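I opened the notebook to log what I looked up, residue by residue and then by domain.

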Amino acid sequence: MNTIKYTLSEDHLPKTWYNIQADLPTPLPPVLHPQTHQPITPADLEPLFPQALIEQEVSQQRYIDIPSPVYDIYRQWRPTPLYRARRLEKALDTPAKIYYKYEGVSPTGSHKPNTAIPQAYYNKIEGVKRLTTETGAGQWGCSLALAGMFFDLDVEVYMVKVSYHQKPYRRAMMESYGAKVIASPSETTAAGREILAQYPDSTGSLGIAIGEAIEIAAQDSKTKYALGSVLNHVLLHQTVIGLEAIEQLKMAEDEPDIIIGCTGGGSNFAGLVFPFLGASLRGESQKPIKFMAVEPAACPTLTRGKYAYDFGDTAHLTPLVKMHTLGNSFVPEGFHAGGLRYHGMAPLISHLVQLGLIECSAYPQLSCFAAGLTFASSEGILPAPEANHAVRKAIDEALLCKEEGISRTILFNLCGHGHFDMQAYIDYQAGKLQDSEYNPQEIAMALAGLPSFE
Ligand SMILES: Cc1ncc(COP(=O)(O)O)c(C=O)c1O
């Protein structure tokens, strides 16, 4: 049978998340206190995060139970389907087998609720009343707004200004779920006012928005902060994606040669890749797998950044983490894949890249939109601009198979749909989008500002 969708029933939804920290060949470098430069303690993080998430951040336990209230909400849309892209394969005339895990079936249209739901849950059971956060493209903000609605928590979202104006429907969705949305940089925080005084026309960045959200959370004991990517516990929650995909590929009696994901802060990539990579680190994989991270050429954190201790935000309120970074003051061009505009990268992914276990590449946006349309014209789904980076790489790998006359099995994460990103597609079709290359001078300036103590 030429199966297209591999679907798992609700009772096959994984009961645990997978924690790759249990299988790392060498441990992660410690997270450091911003003033003392000594490893931070759980107490340092308590003003911002609930206890359960702090424990998950440092846990070395391989599998962590998904609490049943979280599981029950996951069941609204999980397990998500695994597709065999038969029509795309035919259109490309490739001997490759292409599979994609489709996370766009969640209520907000991306993988982000996979972590928003548990984050809201753990905050709720520890007595928190309000959550603050940042959002780039609006996908994360919508997901936390959704989670806040389910668990009756107030949610305040600092939305990067360029996206606030580009994506009014995302804003409306967050407000429909009851969240308050503020364009960042804003006048409501000292961090925002400082940026506006220096750069009145600032289009914002995730680094700035994170600083604003943290500042508000740190002022009130009943308010905590939630982050949509980068941190270990966020990547942990996303591993339901890969755990399901392993089961679904068994149904297809197939094994991947290549696994691809786009990387902004690294969470959807990790979610798909880590369960496979963990099996390979434990020596349980049947064959070697190539893990490929794809980022935008305009914000090339993994391919052009430095592996160094840096702040997660522009206002220097976060602890210092060792990661690939373009410098916390780097503000990328306002290109349309808003979710990929972050100066840093998840420490876990950075560490695995340093160990040579992940390959990285950067693509300019025009070729990614072209790939997204090729994909839509054969598979019907219009991907989010972020996801187009993974689509581009998957297509390129499939075309390479054709050139070499080899059939490889390619799996990629279609981490979201693009239904709220139509302005980007309109601009692309009208020829208004440009490939904004990274500016080496700006990156050099931002990197010069890295904390120097190593
Ligand atoms: C659809 C989509 N994909 C990818 C990303 C990038 O984040 P991450 O690298 O954590 O998956 C975002 C972030 O907002 C997003 O909305």
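This is a predicted model: local features need pLDDT of at least 70, side-chain atom pairs count only at pLDDT 80 or more; totals for chains, interfaces and linings use all residues.

**Entry: A218**

With that cut-off in hand, I asked what A218 touches beyond four places in sequence. I got P47 and L48. A218 sits in helix α10, which covers residues 206-218. Is A218 buried, exposed or partly exposed? It counts as partly exposed, because it has 15 C-beta neighbours inside 10 Å. I also checked A218 against C368: they are 150 residues apart along the chain, and their C-alpha atoms are separated by 39 Å.

**Entry: D65**

Next I went to D65, which is in strand β3 (residues 63-65). I counted 11 C-beta neighbours inside 10 Å, so D65 counts as exposed; the cut-off for exposed is 12 or fewer. Skipping neighbours within four places in sequence, I found D65 in contact with K15 and T16. Y18 is 47 residues from D65 along the chain, with 9.1 Å between the C-alpha atoms.

**Entry: the two domains**

Domain 1 is 5-12 + 78-109 + 239-448, and domain 2 is 16-65 + 112-232. Their C-alpha centres lie 21 Å apart. How many residues are in contact across the two domains? I noted 50 residues of domain 1 in contact with 44 residues of domain 2.

I then asked which elements build the side of domain 1 that touches domain 2. At least two residues each come from α12 (240-251), α13 (267-281), β12 (306-311), β13 (320-325) and α15 (347-354). The largest share is from α13, with seven residues. By residue class, I logged that side of domain 1 as 22 nonpolar, 23 polar and five charged.

**Entry: β12 and β13**

Two of those elements are strands, and I looked at how they pair. β12 and β13 run antiparallel and are joined by six bridges. K306 stands opposite T325 in β13. I also checked cover on β13: five of its six residues are buried, leaving the strand mostly covered.

**Entry: the seven-stranded sheet**

I traced an open sheet of seven strands, in the order β1-β4-β5-β15-β10-β11-β14, with mixed pairing. Which strands are at the edges? They are β1 (5-6) and β14 (359-363), each pairing on one side only. The bridge partner of C262 in β11 is V294.

**Entry: H336**

H336 is in the loop between β13 and α15. Leaving out neighbours within four places in sequence, I listed Q365, P385, D421, A424 and L433 as contacts of H336. D427 is 91 residues from H336 in sequence, and the two are 9.7 Å apart in space, C-alpha to C-alpha.

**Entry: the ligand shell**

I counted 21 residues around the ligand, with Q139, S229, G264, G339 and G416 the closest. The elements giving two or more residues to this shell are α6 (139-150), α13 and α17 (385-404). α13 gives the most, three residues. By class, the shell has eight nonpolar, twelve polar and one charged. Where does the shell come from in terms of domains? It draws at least three residues from each of domain 1 and domain 2.

**Entry: K112**

Last stop was K112, where an unreviewed UniProt entry places "modified residue: N6-(pyridoxal phosphate)lysine". K112 lies in the loop between β5 (97-102) and α5 (113-125). I found K112 buried, because 32 other C-beta atoms lie within 10 Å. Leaving aside neighbours within four places in sequence, K112 is in contact with Q139, W140, S143 and G228.

How values were computed
Residues are numbered from 1 along each chain as its sequence is written. Domain bounds come from an automatic or database domain assignment. Two residues are in contact if their C-beta atoms, placed from the backbone, lie within 7 Å. Helices (H or I, at least four residues) and strands (E, at least two) are DSSP runs, numbered from the N terminus. Ala, Val, Leu, Ile, Met, Phe, Trp, Tyr, Cys and Pro count as nonpolar, Asp, Glu, Lys and Arg as charged, and the others, Gly among them, as polar. UniProt positions are given in the numbering used here, feature names are shortened, and annotations may be inferred rather than shown by experiment. A residue is buried if 20 or more other C-beta atoms lie within 10 Å of its own, exposed if 12 or fewer, and partly exposed in between; C-beta atoms are placed from the backbone. Two strands pair if DSSP finds at least two bridges between them. A residue is near a molecule or strand if its C-beta atom, placed from the backbone, lies within 6 Å of it.
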